[in-house]
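Me: I would like to learn how to read a two-chain model. Please take me through it one feature at a time.

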Amino acid sequence: MGQTSVTRPVGEAVTETRPTESDDVRGSKFTRSLRRLSRDKLLVGIGLPGALVLILFQYLPLLGNVIAFQDYQPYLGITEAPFIGLQNFSFLWDGNPAFLNALVNTLILTIIQTVLVFPVPLFLALLLNSLAGERLKRLLQSILYLPHFLSWVIVVALFQQMLGNAGMLNTFLIQHGLPQFHVIGVPDLFKALITTQAIWKDAGWGTIIFLAALSQVDQQLYEAAAVDGAGPWKRLWHVTLPQLKGMFILLLILRLGNSLSVGFEQIILQQGPVGLEASEVLDTWVYNNGIIGGNWGMSAAAGLVKSVVGVFLVIGANKLAHVFGERGVYEK
Amino acid sequence: MTTLEAAEAQSGGRRKSGKRPPWMESPNPLTQIVKAIALGISVLLVIIPFWSVLATSLASQQRINESAGGMIMWTNKPSFAAYKAVLGGGVVTRAMVISILITVVGTLLSLATTAGLAYWLSRKSFGSKPVLMLVLGAVLFSPGLIPSYLVVKQFGLLDSWWSLILPVMVNAFNVIVMRAFFQELPQELFESAAIDGASSLTILTKIVLPLSKAVLAVIGLFYAVAYWNAFFNALLYIQTTDKWPMALVLRTFVVNQTTIGGDQIQASEVIPPQLPLQMAILVIAIVPILIVYPFLQRHFAKGVMIGAVKG
C-alpha cells in the first residue's frame, strides 16, 4: 500500500490537463478537497455504506469502552453514569480469584495450543505436499478443509456424539465389555478436549497457507540439493523448512496477538458440565461476569485491557520478528 | 510472481502429471506406508463423525435399542421419520427458514457494501486514504463484547434479526482482500472507460464486478457460511424462542440435549426416538454447508492467499 508516489487519481481522466502550480494555489486546502469531493461524489457514495457500517459497529463500540471508567447501570445509560476512575480495573491488582482463574486457564490453553495445535498444519501440509498424485492430493485436501466450515455448535455436538457417555466410543466399549472412558464433562480432561477439537476443526484448513508457501519454493533448490547428495530428509531439513520459516514466524506472530482469546464459542458451549474452575477463560469471564452477572463496568474494563494487551503483543512480536531478520506482519 | 499467480500455481499447475522429476529417488516403501497411514487416519477422523451422524439420523427405534441407545455406523432399513417430524413444522423448521433468510439477506447486503467499500478504496479518490486506515484499524482492534452489546442495544436491535446481520455485515479483512483483488485488475481498462465517459458506477458494474467473479464467489460464500453458523451473536441478542436461528436450536436440543417433545415438532402419532431426532437436526444444519462447499473449495487458495500476502 502507498508504494506509488503518483498523485493523480487513477480514476481521473488522463486527458485532463495536470493542475499547474498556480491552480494549486488558487483555492485553499478546504475548497480543493471540496472540489475533489464533488468530482468523486459517486465513488464516495458507493463506498460510504460499508464505511458507515464499520464506523457504527466497530468504532462506535470503542467509544462505549468509556463505561470501563464508570459505575454503569443499564437504566442510567452511558451519559448519566458517574465516573469512578480506575475502580473497575481493581480486579487487576486486588487478587480477584475469578479473574486469576480465568487468566491462568487462558494462558495454559494458549501455551498448549501454540505448542500442540499450531505445528499440526505444517506436518499435514508436508505430508500432502509429498504426495505425487495431484488428484489424490486435492481429494484429501477437500476432505480435510471441511471441518473448518462447521460452526462450533456443530463441532461440539459431533464430539459429544463421538466421545460422550452415550457416544460412539463408549457404546463400542460397552458392547465389547470394556470399561467406559469418560471424556465429556470431566474437568481434568477439559483442556485436552478443547485442544483436540481445535485440531480437528482447523488443522486441515491451516495447511492451505503452508501449501501455498511450499508451491512457491524454487524446485531448482531441491534439484541442486539432490545433485549434491542430499536425501529426502536432508532436503526437507535444509531446503523446505528454511523456506517456510518466514511464513511460520508470520503465523506465530498472528497467533501471539490472539493469545488471550482462546476458543470462546467453543468453551461457552461446554462450560455447563465441567464447571467454571476448569473452563473459565478471559472471554467467557467477561461474558459471564458482565452480560450475565451485570458487572458491566468491570467486564468492559477487562475487555479493554485484553484488547490493548493484544495490540501490544502483536507489535512486540513483530519487533521480535524484525530482530530475527524476518519480515513479520508489516514492515517497520 | 504475483500473489494471484502463486495461488493459481498452488491450486493446480505444478506436477499435474504426478511424475517424479528425474533427480528424485524412488520412494522408500516404509515411508510410503507411514505416510499413507497418517493421511488415512486424518481423513477417517473427519469422515467417521459425519457418517455416523447420518446413519443414526436414519435409524429406527428398534435399531437404536440394538445399539444400547448409542450412535450407529450402519442401518439396514433407513427410516425418514425423524426428518419428517423435524421438517414438518415446529421450532426446527422455523429456525431453518429464519437461518436461510438471514443468510441470504445478509450475504447480499455484505457483498454489496464490501464490494462498494473495496472499490472506493482501490481508487485514488477523495477520502480513500483515511478510510483505508479506518479499515486496517478495524482489522487490528476488536471493539470488545460489552461495548458491542451496548451499541446493538442502543440502536434498539436487541431481539431483532438485524442484530445478526448489521454488526457483522462488513468484515474489514474481506474489504482488504477484495481491494487487493480490484487493484490487480488492469487499470488501463478503467482509464479508457473513463475517457469514454463512463461514470465510476458504470465502471464498477460493467468492468470491475464481471472481472471479479472469483473473489466475489469466495467472499460471498465466506459471508454466507458465517451467517449460517453464527451462534454467539444469536445467543447474545436473540431472546424470543420463536426467533431462534438454527444455531440456537442446535445448542438447545443437540448440545444441551433438551428433550424434543410433541410441542417442538410435527409428529403424526408417535414421536421418533430422541437420538435420531437430534441427529436429523444436526444433519440439517450441516447439509447447506456441504452443498456450497464444492463451489467454495475451488477458490479457497486464491481467496486466502490474496488476503494473506497483500496485507
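Reply: Helices (H or I, at least four residues) and strands (E, at least two) are DSSP runs numbered from the N terminus. This is a predicted model, in which local features need pLDDT of at least 70, side-chain atom pairs count only at pLDDT 80 or more, and totals for chains, interfaces and linings use all residues. Residues are numbered from 1 along each chain as its sequence is written, while chains are lettered from A and ligands numbered from 1 in the order in which they are written.

Me: Is H12(B) mostly covered or mostly uncovered?

Reply: Burial is a neighbour count: a residue is buried if 20 or more other C-beta atoms, placed from the backbone, lie within 10 Å of its own, exposed if 12 or fewer, and partly exposed in between. H12(B) is mostly covered, with twelve of its 17 residues buried. Among them are Val215(B), Phe222(B), Tyr227(B) and Trp228(B).

Me: What share of the residues counts as buried in chain B, and what share in chain A?

Reply: In chain B, 44% of the 311 residues count as buried; in chain A, 36% of the 332 residues do. As for secondary structure, chain B has 16 helices and zero strands, and chain A has 15 helices and zero strands.

Me: How many residues do the chains bring to their contact?

Reply: Two residues are in contact if their C-beta atoms, placed from the backbone, lie within 7 Å. Here 93 residues of chain B are in contact with 84 residues of chain A. On the chain B side, helix H2 (residues 29-57) gives the largest share, eleven residues. That side of chain B divides into 63 nonpolar, 21 polar and nine charged residues. In this scheme Ala, Val, Leu, Ile, Met, Phe, Trp, Tyr, Cys and Pro are nonpolar, Asp, Glu, Lys and Arg are charged, and the others, Gly among them, are polar.

Me: At what angle do H3 of chain A and H7 of chain B pack?

Reply: Axes are lines fitted to C-alpha atoms, for helices over the stretch in contact, and angles run from 0 to 180 degrees between N-to-C directions. Helix H3 (residues 41-64) of chain A and helix H7 (residues 145-154) of chain B pack at about 110°, with axes 8 Å apart. They are therefore roughly perpendicular; the classes are under 35 degrees for roughly parallel, over 145 for roughly antiparallel, 65 to 115 for roughly perpendicular, and oblique for the rest. H3(A) contributes Phe57(A), Leu60(A), Pro61(A), Leu62(A) and Gly64(A), and H7(B) contributes Pro147(B), Ser148(B), Leu150(B) and Val151(B). By class, this contact has seven nonpolar, two polar and no charged residues.

Me: Where is Pro143(B), and which residues does Pro143(B) touch?

Reply: Pro143(B) is in the loop between helix H6 (128-140) and H7 of chain B. Pro143(B) counts as buried because it has 22 C-beta neighbours inside 10 Å. Not counting residues up to four places away in sequence, Pro143(B) touches Gln58(A), Pro61(A), Leu62(A) and Ser148(B).

Me: Which domains make up chain B?

Reply: Domain bounds come from an automatic or database domain assignment. Chain B is divided into domain 1 (29-79) and domain 2 (81-311). Their centres, taken over C-alpha atoms, are 31 Å apart. Each domain gives nine residues to the contact between them.
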